Amino acid sequence: MEQYVSPGKVVASAGAFIFGGIALNLLLHPLGSHEMMGFLLFLVVGAVLYYGRLTLHRINRMITMTLLGLIGIGSMVTAVYLLLHPVAH
């Protein structure tokens with residue numbers, strides 16, 4: 001007997017592994033307090049955006065595709081900007 005696993009469950013499980021692995025990385029490689037706050041901020045914002053987009057996809061797929069397109073365009077614009085204006089370290 002074959003069981004069907006919905007794509008939504010697969011994507012939600014993949015997100016749990018991704019963000020769980022990032023959180024595990026924080027435990028295995030301790031950072032200073034300033035770096036840890038940035039790391040946790042990245043982790044929380046990333047997880048909220050990921051699962052928020054997943055929930056939005058279940059409600060309205062057109063909004064989700066538009067949002068993904070805007071994120072993609074924003075990423076490309078940011079990459080070009082950073083290429084043309086390098087940050088001094």
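**Exercise 1. Compare the radius of gyration of the protein chain with that of a compact globule of 89 residues.**

Solution. A compact globule of 89 residues would come out near 12 Å, but the protein chain has 17 Å. The radius is taken over C-alpha atoms, and the globule rule is 2.2 Å times the number of residues to the power 0.38. Next, the extents: the C-alpha trace spans about 55 × 35 × 20 Å along its principal axes. Of the 89 residues, 9% count as buried (under 20% relative accessible area, 1.4 Å probe, protein chains only).

This is a predicted model: local features need pLDDT of at least 70, side-chain atom pairs count only at pLDDT 80 or more, and totals for chains, interfaces and linings use all residues. Residues are numbered from 1 along each chain as its sequence is written, and side-chain values use heavy atoms, without hydrogens and water.

**Exercise 2. Determine how H1 and H2 are oriented to each other.**

Solution. Take helix H1 (residues 7–28) and helix H2 (residues 33–59). Helices are DSSP runs of H or I, at least four residues, numbered from the N terminus. The packing angle is about 175 degrees, with the axes 11 Å apart. Axes are lines fitted to C-alpha atoms over the stretch in contact, and angles run from 0 to 180 degrees between N-to-C directions. Angles over 145 degrees count as roughly antiparallel. H1 and H2 are therefore roughly antiparallel.

**Exercise 3. Relate residues 37–56 and 63–84 to the UniProt annotation.**

Solution. The unreviewed UniProt entry annotates "transmembrane region" at residues 12–31, 37–56 and 63–84. Such annotations may be inferred rather than shown by experiment. Residues 37–56 are 100% helix, with end C-alpha atoms 28 Å apart. Residues 63–84 are also 100% helix, with end C-alpha atoms 32 Å apart.

Terms used:
Helices (H or I, at least four residues) and strands (E, at least two) are DSSP runs, numbered from the N terminus. Angles under 35 degrees count as roughly parallel, over 145 as roughly antiparallel, 65 to 115 as roughly perpendicular and the rest as oblique. Buried means under 20% relative accessible area, exposed over 50%, partly exposed in between (1.4 Å probe, protein chains only).
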